[in-house]
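Subject: Structure handover

Hello,

Here is the structure I promised to pass on. Please open it alongside this note.

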Amino acid sequence: LTASFRTPAGLRSAAALPRFERARPQPRRRLSLHVRRSCLVAATTCAGGMTRRRRRLATNSRFCQASSAAGKSAQASPDYSEELRVAIEAVVAASEVSRSVAEALSESMAEGKLNKADTSPVTVADFGVQAVVLKHISERFPDDKICAEENADGLRKAPDLLDLVLRGVQVAEPSADADEVCSWIDKGVFRDTKGESRFWTLDPIDGTKGFLRRQQYAICLALIVDGRPVVAAQACPNLTMPKTYTDELSEKLLK
């Protein structure tokens, strides 16, 4: 450490000063300790020797650096525009399937229901929607895992119900057969999402009672990356909106 003094002529070592100057007491605020070629100088200066103006400039500089880093980070963020486009196409096609299924069933829709092991009802529309959405996702992003609600085990044991599902799916996929429909549905059996950095999740019919009552329900699809939803698409097949608005919205989303 070298004791130094600030004078009008600059910074001089105490040894270089005349004896009477060395004996003269100096104002404390002008005394600083320096360690050459060490960051301790800057650290000490920032801690105690900075004027208001220099603090403000340093703060502004740090803010600009942080803003610049944030801007670079934002520019480097992944582009999910293709995933969004595919998700929208998938839920739009699935909406056609669910509407077609509802129109084909009786007023009570009794023939279009199947009770799962937990006694909760699943409909023909659940299976049809899941088949169509998962076909779109798996074809465009074959490496992505998908966590959906249904599997085709019960459907394979109910051929009449499978036939209803097939007819609904063929509205969107005319060449589909029963085996393909079941295989598309089973692409959503992935469940161990904890260790997966990227996967899709689907609720084919969010609001089963709404569907059975021919009221409102939703088809909900999302892409999860590192535990956060980065893409989401939701379709409400029974929601009535002005045609001009829906046309403009579709045009913007599907550009």
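Below is what turned up, taken in order: sheet, helices, salt bridges.

Keep in mind that this is a predicted model.

**The sheet**

Start with the open sheet. Four strands build it, in the order β6-β7-β8-β9. Pairing is mixed. At the edges sit β6 (145-147) and β9 (228-235), each of which pairs on one side only. Ignoring direction, neighbouring strands are turned by 20° against each other on average.

β6 and β7 (residues 198-206) run parallel, and three bridges join them.

Two helices to check here are α4 and α5. Helix α4 (residues 81-104) lies across β7, β8 (218-225) and β9. Its direction is at about 30° to β9. Helix α5 lies across β6, β7 and β8. The angle between α5 and β7 is about 155°.

**α5 against α8**

α5 also packs on another helix. Helix α5 spans residues 124-140 and helix α8 spans residues 178-185. Their axes are 8 Å apart, at an angle of about 80°. That angle falls within 65 to 115 degrees, so α5 and α8 are roughly perpendicular to each other.

Which residues make the contact? From α5 come F127, Q130, A131, L134 and K135. From α8 come V181, W184 and I185. By class, the contact of α5 with α8 has six nonpolar residues, one polar and one charged.

**Salt bridges**

The structure holds 12 salt bridges.

R140 and E89 form a salt bridge, with the closest N and O atoms 3.5 Å apart. R140 lies in α5 and E89 in α4, so this pair ties together parts that are 51 residues apart in sequence.

The side chains of E139 and K135 meet in a salt bridge, 3.0 Å from N to O. The two residues are four apart in helix α5, and so about one helical turn separates them. E139 counts as exposed, with 52% relative accessibility. K135, by contrast, is buried, with a relative accessible area of 11%. K135 is also among the α5 residues in the contact with α8.

Last, D153 and R156. Their side chains meet in a salt bridge at 3.6 Å, N to O. Both belong to helix α6 (residues 153-156). They are three residues apart, so about one helical turn lies between them. D153 is partly exposed at 46% relative accessible area. R156 is partly exposed at 44%. Elsewhere, salt bridges that share partners join E82, R85, E89 and R140 into one network.

**Where to look**

Helix α5 lies across β6, β7 and β8 and packs with α8.

Best wishes

Terms used:
Residues are numbered from 1 along each chain as its sequence is written. This is a predicted model: local features need pLDDT of at least 70, side-chain atom pairs count only at pLDDT 80 or more; totals for chains, interfaces and linings use all residues. Side-chain values use heavy atoms; hydrogens and water are left out. Axes are lines fitted to C-alpha atoms, for helices over the stretch in contact, and angles run from 0 to 180 degrees between N-to-C directions. Angles under 35 degrees count as roughly parallel, over 145 as roughly antiparallel, 65 to 115 as roughly perpendicular and the rest as oblique. Contact means heavy atoms within 4.5 Å. Ala, Val, Leu, Ile, Met, Phe, Trp, Tyr, Cys and Pro count as nonpolar, Asp, Glu, Lys and Arg as charged, and the others, Gly among them, as polar. Two strands pair if DSSP finds at least two bridges between them. A salt bridge is a side-chain nitrogen of Lys or Arg within 4 Å of a carboxyl oxygen of Asp or Glu. Buried means under 20% relative accessible area, exposed over 50%, partly exposed in between (1.4 Å probe, protein chains only).
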